[in-house]
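This report walks through selected features of one protein model. Please look over the sequence and the structure before reading on.

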Amino acid sequence: MSDCLKVLVTGAAGQIAYSLLYMVAKGNVFGNKSISLVMLDIPAMMEVLNGVVMELKDCAFPLLTDITATSDVAVAFKGIDCAMLVGAMPRKAGMERKDLLNANVKIFKEQGEALDKYAKKSVKVVVVGNPANTNALMCRKFAPSIPKENFSALTRLDQNRAVAQIADRLGVRNTDVSNCVIWGNHSNTQYPDVRNASVVVNGNPVKAPEAVKDDAWLKGDFLTTVQKRGAAVIAARKLSSAMSAAKATGDHMHDWFAGTAEGKWVSMAVCSDGSYGIPEGLMYSFPVTIDSNRNWKIVQGLTIDDFSREKMDLTMKELMEEQQMAEEVCK
């Protein structure tokens, strides 16, 4: 079927996937398109995954045409249109993101090779498993036959967190806040930037800094709350963010496939083209617009002040260090 999308979710027996699979099957992500759903997890999780299959069937989703549950990458990646690479070793309390690199980068090397060998060359890939930016970079490296523009990492969760903080501060709806930017890494060095964001206040659009009227908060508690939100969730739940991560992954893919509205942009970690002084090839989060053909473009011409430059360079440096470490692991 030409209107049927073959969608892969990895780590499909896990917490994030449990919420994400429902959204995909229900039509929240890809709209009114039939879905051929493929779920990949490790052999030890197959019994759990079979339970997820039962639940998906019991939902009787109108758009869900078929379900494949497997631990075989050759089966999982065959002919897919979209890959949501969620599966990875989760971060636990007290762990730094760099602690995850050694184990997880090898997983994404293998999945890059599988994408290169089995997936459609038009496949769109979002990496959710952390460290997401560097995992996406390594995945891309080992799938040389797929355009580099088809690889991304999730920073929409950070954008959503930033939106929610501004909305809470001003007592407005989340939908009244737009064009928040996440620069850099999906880590605590990320730079949440609302200098060009817009907020609808009493029916009128206002620049976020003018609406908030508290520069110290925007450069202080706002930044650190967004940067450290993942750790705060772990401290409270004793588990990583799941529902919010699934929602953000769905948002990311929805906008990639449907496009962004006129005058609006979203944050995605994509392959840098040198914009804003970020080295070419680095998987760095930028504000992007997306056209109806699923092509993203980095928003140009945003003013970068000294405070922003410092924050953007700090997260860039971390990503360059992660890249070097990952390449050493994959030698």
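Which residue in β10 does Val177 stand opposite? The residue opposite Val177 is Val199.

The model is predicted, so local features need pLDDT of at least 70 and side-chain atom pairs count only at pLDDT 80 or more, while totals for chains, interfaces and linings use all residues. Residues are numbered from 1 along each chain as its sequence is written, and side-chain values use heavy atoms, with hydrogens and water left out.

**A three-stranded sheet**

Helices (H or I, at least four residues) and strands (E, at least two) are DSSP runs, numbered from the N terminus. Two strands pair if DSSP finds at least two bridges between them. An open sheet is formed by 3 strands in the order β7-β10-β11, with antiparallel pairing. At its edges are β7 (177-178) and β11 (204-207), each of which pairs on one side only. Strand β10 (residues 198-201) is joined to β7 by 2 bridges, and the two run antiparallel.

**Two helices**

The expected span of a helix is 1.5 Å times one less than its number of residues.

| Helix | Residues in helix | Span | Expected span |
|---|---|---|---|
| α1 | 12 residues | 18 Å | 16 Å |
| α11 | 16 residues | 22 Å | 22 Å |

Buried means under 20% relative accessible area, exposed over 50%, and partly exposed in between (1.4 Å probe, protein chains only). In α1, the buried residues are Ile16, Ala17, Leu20, Leu21, Met23, Val24 and Ala25. They pack against β1 (4-10), β2 (34-40), α2 (46-59), β3 (64-70), β4 (82-85) and α11 (243-258), where contact means heavy atoms within 4.5 Å. The buried residues of α11 include Ala245, Ala248, Thr249, Asp251, Met253 and Trp256. Just after α1 comes Gly27, with a positive phi of about 105°; α11 is followed by Gly259, whose phi is also positive, near 90°.

**Nonpolar cores**

A nonpolar core is a set of buried Ala, Val, Leu, Ile, Met, Phe, Trp, Tyr and Cys residues joined through side-chain atoms within 4.5 Å. The largest has 76 residues, and Phe30 and Met84 touch the most other members. Its largest share, 7 residues, comes from α1. Not counting residues up to four places away in sequence, Met84 touches Leu20 and Val24, as well as Phe30, Val126, Thr249 and Met253, among others. Another core, of 32 residues, lies apart from the largest one, and Ile80, Val105, Val125 and Cys139 are among its members.

**Cysteines**

A disulfide is a pair of cysteine sulfur atoms within 2.5 Å. The structure holds 0 disulfides. For Cys59, the nearest cysteine sulfur is that of Cys4, 18 Å away. Cys82 is buried, at a relative accessible area of 0%, whereas Cys59 is partly exposed, at 38%.

**Around Thr289**

Thr289 lies in strand β13 (residues 283-290) and is partly exposed, with a relative accessible area of 29%. Leaving aside neighbours within four places in sequence, Thr289 is in contact with Thr260, Lys264, Trp265, Asn295, Trp296, Lys297 and Val299. Glu262 is 27 residues from Thr289 along the chain, and their C-alpha atoms are separated by 8.6 Å.
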